[in-house]
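Work through the exercises below with the model open. Try each task before reading its solution.

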Amino acid sequence: MQLTITRTETLKPKPDDSNLGFGTIFTDHMFNLDYAPDKGWYDPRIEPYAPLAMDPATMVLHYGQGVFEGLKAYRTASGRIQLFRPRDNFQRLNRSCRILCMPEADEDFALRALKELLTLEKDWVPRASGTSLYVRPTIVATDPFLGVRASHTYRFFIILSPVGAYYAEGFNPVKIWVTQDHVRAVPGGVGEAKTPGNYAASLLAAQKAHDAGYTQVLWLDGIERQYVEEVGSMNIFFVIDDELITPALNGSILQGITRDTVLQLAKSWNLKTTERKIGIDEVVQAHASGKLQEVFGSGTAAVISPVGEIKYGAHVLSIGAGQVGPLAQRLFQAITDIQYGKTEDPMGWIEPVI
Ligand SMILES: *Cc1c(COP(=O)(O)O)cnc(C)c1O
């Protein structure tokens with residue numbers, strides 16, 4: 001496929017690196033690619049960033065047939081631009097496509113298109129410490145049709161957004177609230193896919209957590225309402241009695257790339273790591289017996305998010321006395337050092353762009 005590039009005539013002013021938020025500023029160009037059953041994926045193009053013109057009957061707007069990814073491009077001290085495990089993101093995008101009955105995209109081509117886009121937009125990758133250029137690949141159903149079925153046509157696009165350091169106000173533990181009223185996903189559902197409906201389904205619980213003074217929701221499994229699944233839109237880890245434990249992938253948990261990174265690093269450090277079911281009652285008991293050493297979330301946006309308090313019904317578990325645990329600290333440092341090219345990349349996770 002021949003990728004065409006149309007440059008914008010007027011460049012936007014670049015924001016100040018020192019006070020970037022998240023997801024509000026977009027670069028000058030985007031990648032677009034269309035799908036039709038008779039043509040397959042066709043007309044790959046980089047063109048000026050612009051609104052999508054859509055028929056109001058466009059299927060994704062009504063039935064949510066869509067998938068997306070989230071990854072980041074990092075600028076190293078020497079000015080190079082690099083991605084972290086981007087092939088894993090495009091593989092996961094395709095897994096999400098299979099779950100949502102959507103056509104898969106060629107992973108090598110998608111990565112090549114992303115690198116072209118990043119090369120054109122290189123001046124948008126911010127320089128300040130902890131900042132990056134967030135990458136959002138998305139595929140949506142585009143048939144103008146009000147019946148419920150899989151769409152025949154699709155649009156794949158990639159947009160870029162310069163984002164600030166997640167921990168601009170310091171790497172501080174957050175308070176999380178265990179919801180007993182809501183579930184995020186169930187085995188056999190679409191919890192393993194990065195698809196818009198999962199996030200719409202999480203909003204009410206998140207609002208209740210915020211109203212109660214908590215930053216994130218801790219999700220339990222949808223059947224027994226006992227086993228821990230995820231925290232907000234991150235995977236979750238516990239350190240109990242010197243063992244690093246994370247819920248096993250069970251069909252309703254998103255297969256986080258940061259989760260896998262944490263597991264691989266911890267194993268390479270000879271830590272005892274276990275993927276298994278972990279009940280909230282076990283967490284409460286571990287806390288009561290003084291064995292709950294650390295809790296943290298993992299995801300691309302925050303990398304590692306230390307948890308300082310868990311509220312579950314009448315239980316309020318305080319973890320680590322308001323301090324970030326040593327393993328959370330070590331993982332955050334190790335992962336960000338690789339992402340920003342401050343250290344060796346023994347696992348081959350870095351994909352150079354330019
Ligand atoms: C994206 C996401 C994660 C984290 O995945 P990463 O690949 O580590 O960014 C975890 N849970 C949910 C629900 C997610 O959407």
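Contact means heavy atoms within 4.5 Å. This is a predicted model: local features need pLDDT of at least 70, side-chain atom pairs count only at pLDDT 80 or more, and totals for chains, interfaces and linings use all residues. Residues are numbered from 1 along each chain as its sequence is written, and side-chain values use heavy atoms, with hydrogens and water left out.

**Exercise 1. Is threonine 58 buried or exposed?**

Step 1. Find threonine 58 in the loop between strand 3 (40–48) and helix 1 (59–63).

Step 2. Its relative accessible area is 2%, so threonine 58 is buried. The cut-offs are under 20% for buried, over 50% for exposed, and partly exposed in between (1.4 Å probe, protein chains only).

Step 3. Beyond neighbours within four places in sequence, threonine 58 contacts Ala141, Thr142, Asp143 and Pro144.

**Exercise 2. Describe how helix 2 packs on helix 3.**

Step 1. Helix 2 (residues 86–99) and helix 3 (residues 107–120) have axes that come within 10 Å and cross at roughly 125 degrees. Axes are lines fitted to C-alpha atoms, for helices over the stretch in contact, and angles run from 0 to 180 degrees between N-to-C directions.

Step 2. Helix 2 is therefore oblique to helix 3. Under 35 degrees is roughly parallel, over 145 roughly antiparallel, 65 to 115 roughly perpendicular, and the rest oblique.

Step 3. Helix 2 contributes Pro86, Arg87, Phe90, Gln91 and Asn94 to the contact, and helix 3 contributes Glu107, Asp108, Ala110, Leu111 and Leu114.

**Exercise 3. At what angle do helix 6 and helix 8 pack?**

Step 1. The angle between helix 6 (residues 257–268) and helix 8 is about 105 degrees, with the axes 11 Å apart.

Step 2. Helix 6 and helix 8 are therefore roughly perpendicular.

Step 3. Thr261, Val262 and Leu265 of helix 6 meet Leu331, Ala334 and Ile335 of helix 8.

Methods
Helices (H or I, at least four residues) and strands (E, at least two) are DSSP runs, numbered from the N terminus.
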